[in-house]
Amino acid sequence: MASRLITLTTDFGLVDSYVAAMKGVILSISPGCQIIDISHDIEPQNIQQAGFVLASVVGYYPEGTIHVAVVDPGVGTARALLAVEMDGHIYLAPDNGLLGVLYEKRSISKICKIENKSLYMPDVSRTFHGRDILAPVAGHLANGLPLDEVGSEVTKYNKGDFVHPIISPDAIRGSIVYRDHFGNLMTNISKNDLESFDPVLVEVQTGYTKIKGLCQSYSDVEKGELLCLIGSAGYLEIAQREGSASDKLRFPIGTEVEVTLKASS
Amino acid sequence: MASRLITLTTDFGLVDSYVAAMKGVILSISPGCQIIDISHDIEPQNIQQAGFVLASVVGYYPEGTIHVAVVDPGVGTARALLAVEMDGHIYLAPDNGLLGVLYEKRSISKICKIENKSLYMPDVSRTFHGRDILAPVAGHLANGLPLDEVGSEVTKYNKGDFVHPIISPDAIRGSIVYRDHFGNLMTNISKNDLESFDPVLVEVQTGYTKIKGLCQSYSDVEKGELLCLIGSAGYLEIAQREGSASDKLRFPIGTEVEVTLKASS
Amino acid sequence: MASRLITLTTDFGLVDSYVAAMKGVILSISPGCQIIDISHDIEPQNIQQAGFVLASVVGYYPEGTIHVAVVDPGVGTARALLAVEMDGHIYLAPDNGLLGVLYEKRSISKICKIENKSLYMPDVSRTFHGRDILAPVAGHLANGLPLDEVGSEVTKYNKGDFVHPIISPDAIRGSIVYRDHFGNLMTNISKNDLESFDPVLVEVQTGYTKIKGLCQSYSDVEKGELLCLIGSAGYLEIAQREGSASDKLRFPIGTEVEVTLKASS
């Protein structure tokens, strides 16, 4: 059997046994399958963060990887569960917009609604479909079950509310979408959005704070200074060298970020 | 060799290297063995929580799984270490009541006292038997060592102080035993305790708070409202839709919960 | 192929996807390779803590293990990345002193500077060499690449500023170097430093606190009492039975610890 690899992204935390329950279900169906945690510390019910974290990492995983993402405030309602193939990877998640940012960045091959009850756990709870539906489906897919077997193809699905920055010839208006462990503030302004412009002449303004120029690494400024750079996930990021930009600036998620720039000649 | 699977449940946290030391010992003895973390964020020395978390998840693991649980305030005293077979799984833990809730719910085949020193690490510390005794024993058992080889069978062991709810014909008096990551408050009142009663007529009282009826999922109430339901581990749970019941109610572990109900006709 | 085992030690935390990105890179190059987390909760940019945590655990891992450690405040500067062979293990880390404590305790066979760009990710960012350089190099080494292939041998490297205790005939002056999850305070005074002395006559003084004698386990004192013992990593440790010495004493890292003792006769 080929190498079987499943990743998990949830808001379950690591204190309780929810994640371990999902792993037990997967390993009961697909013994020896390799399971990698992307993150289980997504803020409770923060669908957009889950999508952002997952999207920033899938490009580093091999083709054939199965990604299970469970941030599911609508569990127990009529919302569907989906199995999506994009760029040779399979994604299992609630149809609540979580995969929105991935639909933007990846190429969709097929979207199936999960509805083959023979794959589910015998007793499906109404509060934990990650364990009772997504985990066993992931285990069966890892064992080689064709995607078609999980349910019928759908063409309507929740595309999420991924907010694109507004781009004009000499300015981009975006927002802070994520704050990482180091206190770096990530925006929705991508490397591509910025690439036709001169990094030296960029000026980033957010609130009363202005930062001039786009650095290439933290060490381009003195310790404690703020800087802007393209972060490792490919987005404009506001950082503080050997410090936390988030602690210093205290900007909430959603804060507007305006980039003014000149095209490089 | 069959698929070898070991789970770990501890109060060691994930900051230090204690868990990683145990994994190194296991993998030195049983290379390639799969190790799954149940939780390492059990509150320091909270034996009852460890038992509760482990018990809620073992049913999802395949037969033959070896579960190592280390919450061990008595390390260095005369308390024994046990290897217990229940329902085709093996459990390694201190004899301090940690496994009490599992003894209640599972069928015991054999309980051995771990005493075969040839299986231990060469230098056994007096402060870390998880690494020096339980981890190597787990590795050897994963390699196929028969359970009898770890030590002699015992009939006396610490059954823990698992508190059962008090059940009368039209009321159940239990208590809150666990607070999960989402702030859901779990009680010791099981689905079975409640099953002969009419969920619509149930009234749950704890402190001055009364909640009427038993919901099937969070979405049965409006956002922010409290509800009662049978949680995914099979116990009565007090929750708040898209919020934290624990933050709202601030009930400590041990708070009494009284369920009054009418038998369904 | 032999059992392939890679450990990771970082200050990336488990909320973001940085660790998962490294794992994806490793598994793309070396499918099925086993990856064990030592700790990802090293304090941001605390190089010494990373070295201490890693050093306390490598002795429990089998020969051939590859240890990747990334606490890298100098990422993007000219600091080198090293691949070091010690006692049959391979270590990949920035040349910033992180491995200093390991150089002290292990036997160095070879130190190579990582410079074979054909092993790197196609686009090397200037902010995340853990993912773009160390992870792929680890994957290739796990697949059997000889150490020589990563780059040329070097003889100059950063030995770190590991502080040795000052030892006189009847006293040792060291310091607190680490505070663990349980609030135990670990010093840089090793079991070896103390071994020619009589544990009963030891007196440990730090600030205004004096602790007499060296215990063998927590249970040698009453609940709530302070004690000194040799911790499971082999260093003198100040602990409180069933409590947190750190919370009680509030000594910062670096606090001086003086041990006065008499040689055993």
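Guide: Contact here means that heavy atoms lie within 4.5 Å. The model under discussion is predicted.

Visitor: Which residues of α1(B) meet residues of α4(B)?

Guide: On the α4(B) side, the residues are Gly130(B), Arg131(B), Ala135(B), Pro136(B), Gly139(B) and His140(B). The partners that α1(B) brings to them are Ala21(B), Met22(B), Val25(B), Ile26(B) and Ile29(B).

Visitor: How many residues of the contact of α1(B) with α4(B) are nonpolar?

Guide: Gly counts as polar in this scheme, so Gly130(B) and Gly139(B) fall in the polar class. The contact of α1(B) with α4(B) has three polar residues and one charged residue, and its nonpolar residues number seven.

Visitor: At what angle do α1(B) and α4(B) pack?

Guide: Two packed helices are described by the angle between their axes and the distance between the axes. The crossing of α1(B) and α4(B) is right-handed. The axes are 8 Å apart, and the angle is about 35 degrees.

Visitor: How far apart are the axes of helix α1 and helix α4 of chain C?

Guide: In chain C, helix α1 covers residues 18-29 and helix α4 covers residues 129-142. Their crossing is right-handed. They pack at an angle of about 35 degrees, with an axis separation of 8 Å.

Visitor: Which residues of α1(C) make the contact with α4(C)?

Guide: From α4(C), the contact takes Gly130(C), Arg131(C), Ala135(C), Pro136(C), Gly139(C) and His140(C). By class, the contact has seven nonpolar, three polar and one charged residues. The residues on the α1(C) side are Ala21(C), Met22(C), Val25(C), Ile26(C) and Ile29(C).

Visitor: What area do chain B and chain C bury between them?

Guide: In the interface of these chains, 30 residues of chain B are in contact with 31 residues of chain C. Of the area buried, 56% is on carbon and sulfur atoms, and the total is about 2,500 Å².

Visitor: Which residues in chain B lose the most area to chain C?

Guide: Chain B and chain C bury about 2,500 Å² between them. On the chain B side, three residues together account for 21% of what that side buries. They are Val15(B), Arg126(B) and Thr127(B).

Visitor: Which side chains form the salt bridge between chain B and chain C?

Guide: The count between these two chains is one salt bridge. A salt bridge requires a nitrogen-to-oxygen distance within 4 Å, and the pair in question lies at 3.9 Å. The side chains are those of Asp220(C) and Arg126(B).

Visitor: Which element gives the most to the side of chain B that touches chain C?

Guide: Between chain B and chain C, 14 residue pairs are in polar contact. With eight residues, the leading contributor on the chain B side is helix α1 (residues 18-29).

Visitor: Where is the salt bridge between chain A and chain C?

Guide: The contact takes 31 residues from chain A and 30 residues from chain C. Across this interface, one salt bridge is found. At 3.9 Å from N to O, it joins Asp220(A) and Arg126(C).

Visitor: Which element provides the largest share of the side of chain A that touches chain C?

Guide: The interface of chain A and chain C holds 14 residue pairs in polar contact. The elements of chain A that give two or more residues to this side are β2 (34-39), α2 (47-55) and β8 (171-179). The largest share, five residues, comes from β2(A).

Key: Residues numbered from 1 in each chain as written. Chains lettered and ligands numbered in written order. Predicted model: local features only at pLDDT ≥ 70, side-chain atom pairs only at ≥ 80, totals over all residues. Heavy atoms only, no water. Buried area = accessible area lost by both parts, 1.4 Å probe. Polar contact = N/O pair within 3.5 Å; in protein donor to acceptor, adjacent residues only side chain to side chain. Helix = DSSP H or I, 4+ residues; strand = E, 2+ residues; numbered from the N terminus. Axes fitted to C-alpha atoms, helices over the stretch in contact; angles between N-to-C directions. Left-handed = near helix turned anticlockwise from the far one by under 90°.
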